[in-house]
Amino acid sequence: MSAPALDALIVGAGPTGLALAAQLARLGARFRIVDRSFDRARESRALGVQARTLECLDQIGLADPLVACGRTGTRVAVHLGARRVAGITLGDVRATDTRYPFILFVSQAETERLLNEHLASAGVTVERGVELTGFAAADAQFVCTLRHAGGDEERAAAAYLVGCDGAHSSVRNQAGFAFEGGSYPQDFALGDVEADGPLEPGAINAFAAGGGIAMLFPLGRPTTWRVIAMATERAHDMSPPASPATAGLTLAELQRMLDAPTGGTIRVRDPAWLTRFHLHHRQVGHYRAGRVFLAGDAAHIHSPVGAQGMNTGIQDAWNLGWKLALVSRGAAREPLLDTYELERWPVGRFLLRYTDRIFGLVTRAMSAGPVASWGRELIVPRVLPAVGAASWLRSAAFRFVSELAIRYRRSPLAEEGVPRLHGGPRAGDRLPDARLTLDGEAAWLQRVAAGPRFTLLRCEDARVRDERADGWMDAHRDVLEIRRLSSRATPGALVDTSGDTLKLLGADRGAHYLIRPDGYVGYRAAGPDLEGVRAYLDRWLIRGAP
């Protein structure tokens with residue numbers, strides 16, 4: 001063996017693998033992260049970072065730098081052929097329980113760059129040009145064979161193996177996971193280009209006509225526009241017969257795919273990156289097989305409707321990371337790892353079904369038939385402005401697309417205590433954010449209460465004493481932080497002078513919340529009695545563990 005056994009080997013250094021590595025690093029796990037590619041993504045690829053993902057990244061100090069790299073709101077200009085018919089503004093949803101009430105439009109390359117820099121600052125090396133060629137179980141661990149760029153091979157021992165290696169995952173294939181689903185029949189083209197024509201600067205320009213769809217996103221760099229086009233039947237027929245859908249794309253082919261939906265008004269030039277692709281909708285039946293885990297595109301792929309693919313992968317990693325680290329350290333019990341699949345598989349399934357239905361609806365609506373054409377001409381100019389003007393509808397859509405509404409109420413990790421607390425986020429829900437003060441300085445609830453430990457949030461508890469006097473609290477001191485939330489200024493306490501946050505939590509008459517390291521509510525109850533918290537922690541954690 002090249003080194004002592006690792007807690008985990010992460011295969012794949014895209015956003016999902018990098019996020020998992022960041023979690024494991026801050027929680028003290030021993031791991032390696034390898035990727036057969038020689039460089040990180042330099043193309044734009046995914047463009048949308050959702051609010052919940054930004055809340056996760058904020059735990060490691062990356063949310064604000066990422067926001068500074070992108071756009072926090074933009075307009076969508078809808079064109080039917082050459083005619084612009086409607087516009088709608090994304091953003092300005094006025095969500096009050098998050099610091100990120102917007103969709104952030106930023107290149108995936110920037111997301112990966114910041115994650116790579118963060119890992120480097122933590123002393124983590126992303127090993128590129130290293131491919132997993134095989135693994136075998138041996139004595140509660142895996143012996144993994146890694147091939148380096150020069151052809152040399154090494155064996156590495158790891159307790160757990162995590163496949164974050166994308167849609168063509170070698171971990172998934174070698175471990176025998178079934179990847180069920182199918183692909184859409186349409187051909188798609190993707191490219192970072194310069195473009196000329198009736199485009200609204202700084203806006204997402206969407207075109208639909210002639211059975212085709214094209215969208216141009218404001219990119220900034222390496223080019224002004226990212227274009228996604230769906231081939232019409234006519235455009236597909238015009239492609240050279242020798243060019244399969246998986247082959248490279250030429251600028252001329254991209255132009256032909258744009259001509260129908262844009263009415264020939266948009267001309268593209270100076271490409272930085274072009275590719276042709278098919279969309280798939282697939283999910284594995286399980287996210288775990290013994291000591292093998294899958295996350296991100298290795299576990300689920302779907303239509304990019306909603307801009308949630310990369311975000312869902314990062315959140316898979318955020319859910320798995322703290323559980324894997326605590327179990328590996330001997331601080332948590334093995335059944336904690338079962339909750340990864342129990343919580344994240346339903347999220348992937350729902351996302352796949354939702355994007356599949358929306359994609360089907362959009363492609364039918366944008367078909368070349370006379371009924372669809374009549375519907376576009378009549379409905380879109382009337383409906384879209386109304387949707388944009390309805391703040392409640394924008395807010396509801398944002399809660400869903402932003403992934404703030406994801407919750408794990410049916411998870412074994414979600415427990416409602418006694419006396420039951422009425423109002424506020426339930427066990428399994430995300431902890432809302434709120435602006436408070438701490439010793440006279442501004443503070444945010446999530447920054448104080450979310451990760452890297454469990455946080456016991458005691459609300460309006462007037463007793464002043466050393467909580468560590470309780471033996472069970474002291475036994476969990478390495479994985480448990482205690483915070484007090486009060487309406488009165490008290491040294492060391494989070495202070496909510498307006499009382500709004502206490503009301504938001506349903507805790508203005510006293511309550512306590514146990515917050516998981518990923519920012520979700522694990523346990524809650526009314527009143528000051530902490531016996532339920534003790535039982536909850538003893539169920540999942542090991543007393544006195546490091």
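Modeller: On a 1 Å grid over the protein atoms alone, a cavity is a set of points where a 1.4 Å probe fits but cannot get out, and lining residues have an atom within 4 Å of a point. This is a predicted model, in which local features need pLDDT of at least 70 and side-chain atom pairs 80 or more, while totals for chains, interfaces and linings use all residues. Residues are numbered from 1 along each chain, and side-chain values use heavy atoms, without hydrogens or water.

By this rule there is one cavity of 30 Å³ or more. The largest cavity holds about 50 Å³ of space, where a volume is the space filled by probe spheres set on grid points joined across faces, edges and corners. Its lining is made up of Arg52, Cys56, Gln315, Trp318, Asn319, Arg344, Tyr408, Asp518 and Tyr520. By class, that lining has four nonpolar, two polar and three charged residues; Ala, Val, Leu, Ile, Met, Phe, Trp, Tyr, Cys and Pro count as nonpolar, Asp, Glu, Lys and Arg as charged, and the others as polar. Two helices, α2 (51-58) and α8 (309-328), each supply at least two residues of this lining, and α8 gives the most, with three residues. Helices (H or I, at least four residues) and strands (E, at least two) are DSSP runs.

From the cavity we can turn to a pocket, an open set of points with protein on both sides within 12 Å along at least five of seven lines. The second largest pocket has a volume of about 530 Å³. Of the 19 residues that line this pocket, Pro346, Val347, Phe350, Ile406 and Arg407 are the closest to its centre. Helices α9 (338-365) and α11 (391-401) each contribute at least two residues to the lining of the second largest pocket, and α9 gives the most, with six residues. Sorted by class, the lining of this pocket has 10 nonpolar, three polar and six charged residues.

The strands complete the picture. An open sheet of eight strands runs in the order β21-β28-β27-β24-β25-β26-β22-β23, with mixed pairing, where two strands pair if DSSP finds at least two bridges between them. Strands β21 (415-416) and β23 (441-444) stand at the edges with a single partner each, so one side of each has no neighbour in the sheet. The pairing of β21 with β28 (residues 521-526) is parallel and has two bridges, and Glu415 lies opposite Tyr523 in β28.

Elsewhere in the chain, strand β13 (residues 204-209) has six of its six residues buried, so the rest of the structure largely encloses it; buried means under 20% relative accessible area with a 1.4 Å probe, protein chains only. Both faces of β13 are covered, with Ile204, Ala206 and Ala208 on one side and Asn205, Phe207 and Ala209 on the other. Strand β4 (residues 74-80) pairs with β13 in the parallel sense over four bridges, and Ala77 has Asn205 as its bridge partner in β13. With β14 (residues 212-218), by contrast, β13 pairs in the antiparallel sense over five bridges, where Ala206 stands opposite Met215. Strands β13 and β14 form a hairpin with two residues between them, and Gly210 in the turn has a positive phi of about 60°.

Notes: Buried means under 20% relative accessible area, exposed over 50%, partly exposed in between (1.4 Å probe, protein chains only).
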